[in-house]
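Dear colleague,

I am passing on the structure below, followed by notes on what was found in it. Please read them alongside the coordinates.

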Amino acid sequence: MIPKEKLMEMYEKMVRIRRFEEKAVELFLKGALPGFLHSSIGQEAVSVGACAALREDDYMISTHRGHGDIIAKGARVDLMMAELFAKKTGYCKGKGGSMHIADLDLGILGATGIVGAGLPIINGAALACQLKGTDQVSLCFFGDGASNTGSFHEALNMASIWNLPVIFVCQNNLYAESTPQWVHQKIQDISVRAQGYGIPGVSVDGNNVLTVYRATSEAVERARGKGGPTLIECKTYRWLGHYVGDPGTAYRTKEEVEQWKSRDPVKQYRANLLANGVCEEKDLDAIDRRLEREIEEAVEFARNSPDPDPEDALQDVYIGEYIP
Amino acid sequence: MREITYREALREGLREEMKRDETVFLLGEDIAEFGGTYKVTQGLLEEFGPARVRNTPISEAAIVGAALGAALLGMRPVAEIMYIDFSTIAIDQIANQIAKVRYMFGGKARASLVIRTQGGAGRSSAAQHAQSLEAWYSHIPGLKVVMPSTPYDVKGLIKSSIRDDNPILFIEHKLLYNEKGPVPEEEYLIPIGKADIKREGKDVTIVATSRMVLRALKAAQALTEDGVEAEVVDPRTLVPLDEETILQSIKKTGRLLIVHEASKRCGFGAEIAALASEKAFYDLDAPIKRVAAANTPVPFAPKMESFVIPDERAIIKGVRELLG
Ligand SMILES: Cc1ncc(C[n+]2csc(CCOP(=O)(O)OP(=O)(O)O)c2C)c(N)n1
Ligand SMILES: [Mg+2]
């Protein structure tokens, strides 16, 4: 039995992600945000279900499509929004932007824009915990496309032979940029790749937050108990294009998109909570309203924050002085 | 003469060479139906079919390695690496294999391939999507490095690069694709190793590469108001470098300013400065000057990004300092 508090927290996080992402897309389309933006709308259940199985002191690494993962691990949306706005008050002082948000205090070891690069790094985090003798676990998100990188294969093998407390969570949204999964690999279930490394692998419905939560909890328990790494594949879908501005229609049919939208992970979970009598509609509405405000306030905070000074660019290259 | 974009000119060059030589084929991420992230290869799948316009998984080492293997058997592959930042994943193939096979095998192998990629900042794409790594690759004996700045040059040089029997790293710039310029309808080639004087002048030589050529030209225009006539030299290819054109220009002007977008330390400007001090010391009337990016990763925030990347003002200031 999952306690009610946990169930409600998962709902709250899913809605927080959805609202944050919707707002970010809206702002980006208005030209308020520099750079580019990868939206994770549609994938909320993976981020939240997986992170809900972690403790606050566990570690996590995310990807270019990372806002959802980072919120799920507990990041503050005001600091995130300020980073998207390239403000001095943002998580990375405006140096990283949408693709590179980190909060080391929350165990968020950052997000990388290099596909697959997070997997070897998560092994290092797990190794450090193993060496220090703590029972912390480390989780890495990555996409279906990333499962074809050398980094993926090298990292799974190393985690396996060192029995590292790692959970590899694949967000299989069926596309790597414009390339459908069936074009970029011959397998359907990415979890079968675990076999090749002698570790457990499972494929689950990535649009069902509780399914993801249960699968991850099992893997976390194994990792904490010195049982080694697990590969979890979560089948899901990104509703929008690869990046905001890519309509995502050149390589996907309208029907396919609509069919996945009809399996909205947030709506499904809401219905589930109500059907099981966990709470009443008004409780969920209250959460929705609160988050609506929270995101508005985050935008206000970001807008009212100062820009970095141009010279700030010279700081943080090293610990210590800039080396000209 | 008709004017077309850098992107269109490049595509024309690729198309002409594919028509001319059946051994030419393209491979890279999302280059087929999607036409590449920067749409350079759009339409080529339809024209040449999936055997010659090949989508790949996200596997940079395997892409570049496959290009080498095919080249060894007499093909002329053109591999696209979406961002030069991702070439780092293929660096073993580039630096240890491609650049060295001919030499190690005692002159027996022919690595006739082109790696097309793009670099550069200016779009707030942050530290992992905006680097200028041309100097790294220029340091590796065995590779040629081409860096075209105009539609005319990009077409003539891609054609020559494909026909060249040596491996070529062909570096485009993400902010040049939409630039328009005159490109003749009739076929032409540009020799690899021939610089171009983009503007004649007698007072100062500005050697600039890639997008910085455009900025140098704008700066040169502005400087005419001070009565200064700057000569702008675009090496177009870094390896081999057309030393003669650069040295002749210095002989004429007696002053040298070097401009590039890569960070200054060990940038390609150091090589040009060394060339000038070794071979044109007595022609110089003033110390050599370099205008280049600060020695930092590329920051996300537009204000910081434009602070670290040289602009027209920095070039004008550099020229004024040189002229005393
Ligand atoms: C090493 C590397 N190659 C290519 C890219 C360009 N790129 C960014 S995201 C992406 C697709 C990634 O697909 P997937 O892993 O499935 O993640 P998704 O975008 O679907 O979340 C590509 C090719 C990159 N960032 N890094
Ligand atoms: Mg994907």
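Asp309(A) is partly exposed, with a relative accessible area of 40%, and in this predicted model Asp309(A) forms a salt bridge with Lys88(A), the closest N and O atoms being 3.7 Å apart. Lys88(A), at a relative accessible area of 35%, is likewise partly exposed, and its side chain also meets that of Asp312(A) in a salt bridge of 2.8 Å, N to O. Because Lys88(A) lies in the loop between H4 and E2 of chain A and Asp312(A) in the segment after H11, this pair ties together parts that are 224 residues apart in sequence. Asp312(A) is buried, with a relative accessible area of 12%.

In chain B, the side chains of Lys317(B) and Glu321(B) form a salt bridge at 3.5 Å, N to O; these residues are 4 apart in helix H12 (residues 312-323), and are therefore separated by about one helical turn. Lys317(B) counts as exposed at 54% relative accessibility, whereas Glu321(B), at 42%, is partly exposed.

As for the interface, 30 residues of chain B are in contact with 43 residues of chain A, and the two chains bury about 2800 Å² between them, 65% of it on carbon and sulfur atoms. Ile58(B), Phe300(B) and Met304(B) lose the most area on the chain B side, together 24% of what that side buries. The rule finds 1 salt bridge across this interface, in which the side chains of Asp307(A) and Lys303(B) meet at 2.8 Å, N to O.

With best regards

How values were computed: Residues are numbered from 1 along each chain as its sequence is written. Chains are lettered from A and ligands numbered from 1 in the order in which they are written. This is a predicted model: local features need pLDDT of at least 70, side-chain atom pairs count only at pLDDT 80 or more; totals for chains, interfaces and linings use all residues. Side-chain values use heavy atoms; hydrogens and water are left out. Contact means heavy atoms within 4.5 Å. Buried area is the accessible area (1.4 Å probe) that two parts lose on being put together, summed over both. A salt bridge is a side-chain nitrogen of Lys or Arg within 4 Å of a carboxyl oxygen of Asp or Glu. Buried means under 20% relative accessible area, exposed over 50%, partly exposed in between (1.4 Å probe, protein chains only). Helices (H or I, at least four residues) and strands (E, at least two) are DSSP runs, numbered from the N terminus.
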